[in-house]
Amino acid sequence: MPTTPMSHRQVLEALSGLLLGLFVAVLSSTVVSNALPRILTDLHGGESAYTWVITAALLSLTASTPIWGKLSDLVSKKLLVQIALVIYIASSALAGLSQNTGELIACRVLQGVGAGGVTALAQICLAAMVPPRERGRYSGYFGAVFALATIGGPLIGGVIVDTDWLGWRWCFYVGIPFSLIAILVLQRTLHLPEAPRRKVRIDYLGATLITGAVSLLMIWISLAGKNYGWLSWQSAAMVGGGLALAALFVRAERRAAEPIIPLGLFRYRTVALASVASVLVGVGMYGATTFLGQYFQLARKESPTMAGLLTLPMILGLALSSTVAGRLITRYGRWKAYLLAGTLLLAVGFGLLGTVRDDTGYGPLALYMALTGLGLGLTMQNLVLAVQNTVPRHELGAASSVVTFFRTMGGAMGVSALGALLSNRVSHYLVENLAAAHVRPGAGAALGGEIPDLHRLPAPLVPLVTDAFGHGVGLVFLVAAPFALLAFLVVLFIREEPLRTTQESHPHPQPVPVPVAD
């Protein structure tokens, strides 16, 4: 249906509410990163609880993303994003009232559902407001907000837990006022063109199967190597069950009238390749923020607040590249060169970060982080843009959420696997350091778990621990570098189509000739 284009001012007004909601959604995961040790001490949680507080939110966020995306093609996008914010508000309030780790983990599941809705729907609403050619200048704002929430989250969390009259519960309460403001702003400013009314049919079977498949696989990769072996009957049961549910999901989607993930989307070369690239980039996006924080705190003995400040080069690089690239894409209508440059910079940045140790100078380290940030900024939003430029308008929601889904899934699985590698290598290097220093191996028990408090360790042990963590984190980044290089190779095969200057579908889409049942 032809509609009157929104002015630049109208778009910015509507974006203000979306960006505020996006800030809150990203903040929900980063604000607890530095506060978790204090939280779990108060709630008497152990190492498994530490893993599950993080993994639970990622599980529900990943599984719910395609569901939100498909719903946005059927019902009001504005209403959906407001519902997602209400879910976030309710779950955050309950999380702050948690009396034990079980309650907290359950609330984190709900938080992930709300955050997944806001994250997916923000991009979808932008696609509904602005044609692809003009979308680049605005998508840069999304990268900047993501960077702000990423750097601000750990800082806010550190300040909250260190302030006696606040306490860790305010790590969950702090996002509630922003969410309420976002709902009010969206109600006043977000006026999307109405799509033709049609009967809403929700694919409940597909939603259940994809949630089960993703959950089983992510639970397996989160716990394998810790609670049971990688080659064990538990692993076989979870992997087999996850793959079986995935196969049933594909079969169900072929028959569904309104599938959660329309399999016809993957007939488009850009959608198929961008999905693969998103999985690989997700490892870098989530891995960089997770393991850099551990590196600064456990290898360089920095406080949580200072650890957040020291990652500033990466965050500034992300914000700068996403903003500048967005404006250049809008001006010239070309985007593939930025994807190629971004994935290559990400691979180089990870490779250089793979050389760091606990005594690496901050100057070279800042350069390595900046290169990584530049790569992430050039890649994240532009993969979504490429897909949105390819699919028909009525499938924008499903296509956009597919990219986000694969990126989050890759990140969650990558963080789990790389985290297991980090734990294994740190233990290995620590044993070597203890032996080289002629310290009895039993002294390592003073660590009290995988995440030590350096201030409480005996002085002779501290340099041995920081060296082990510095070496271990460096190896993790070195292992992550090939994933970014593979993403570069995948992007090479994406066919660049000039960005459309209207909201109408591309007149001649170029599908990959893969037979898909009606």
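Me: Which helix holds L492?
Reply: Helices are DSSP runs of H or I with at least four residues, strands are runs of E with at least two, and both are numbered from the N terminus. L492 lies in helix 17, which covers residues 462–492. In total, the protein chain has 17 helices and 0 strands.

Me: What am I looking at, and what gets counted?
Reply: This is a predicted model, with residues numbered from 1 along each chain as its sequence is written. Local features need pLDDT of at least 70 and side-chain atom pairs 80 or more, totals for chains, interfaces and linings use all residues, and side-chain values use heavy atoms, without hydrogens or water.

Me: Where does pLDDT stay under 50?
Reply: pLDDT is the predictor's confidence in each residue, from 0 to 100. Residues 505–518 stay under 50. The protein chain averages 79, and 86% of its residues score at least 70.

Me: Is W335 buried or exposed?
Reply: Under 20% relative accessible area is buried, over 50% is exposed, and in between is partly exposed (1.4 Å probe, protein chains only). W335 is at 1%, so it counts as buried. L492, by comparison, has 39% and is therefore partly exposed. Over the 518 residues of the protein chain, 56% count as buried.

Me: Where is W335 found, and which residues does it contact?
Reply: Contact means heavy atoms within 4.5 Å. W335 is in the loop between helix 13 (312–332) and helix 14. Leaving out neighbours within four places in sequence, its contacts include A386, N389, I494 and E497. W335 and E497 are 162 residues apart along the chain, yet their C-alpha atoms are separated by 8.8 Å. The W335 side chain also reaches the backbone oxygen of E497 at 3.0 Å.

Me: What does N382 touch, beyond residues up to four places away in sequence?
Reply: N382 touches A325, I329, Y338 and L339. N382 sits in helix 15 (residues 362–388), and at 3% relative accessibility it counts as buried. A polar atom of its side chain lies 2.7 Å from the backbone oxygen of L378.

Key: Polar contact = N/O pair within 3.5 Å; in protein donor to acceptor, adjacent residues only side chain to side chain.
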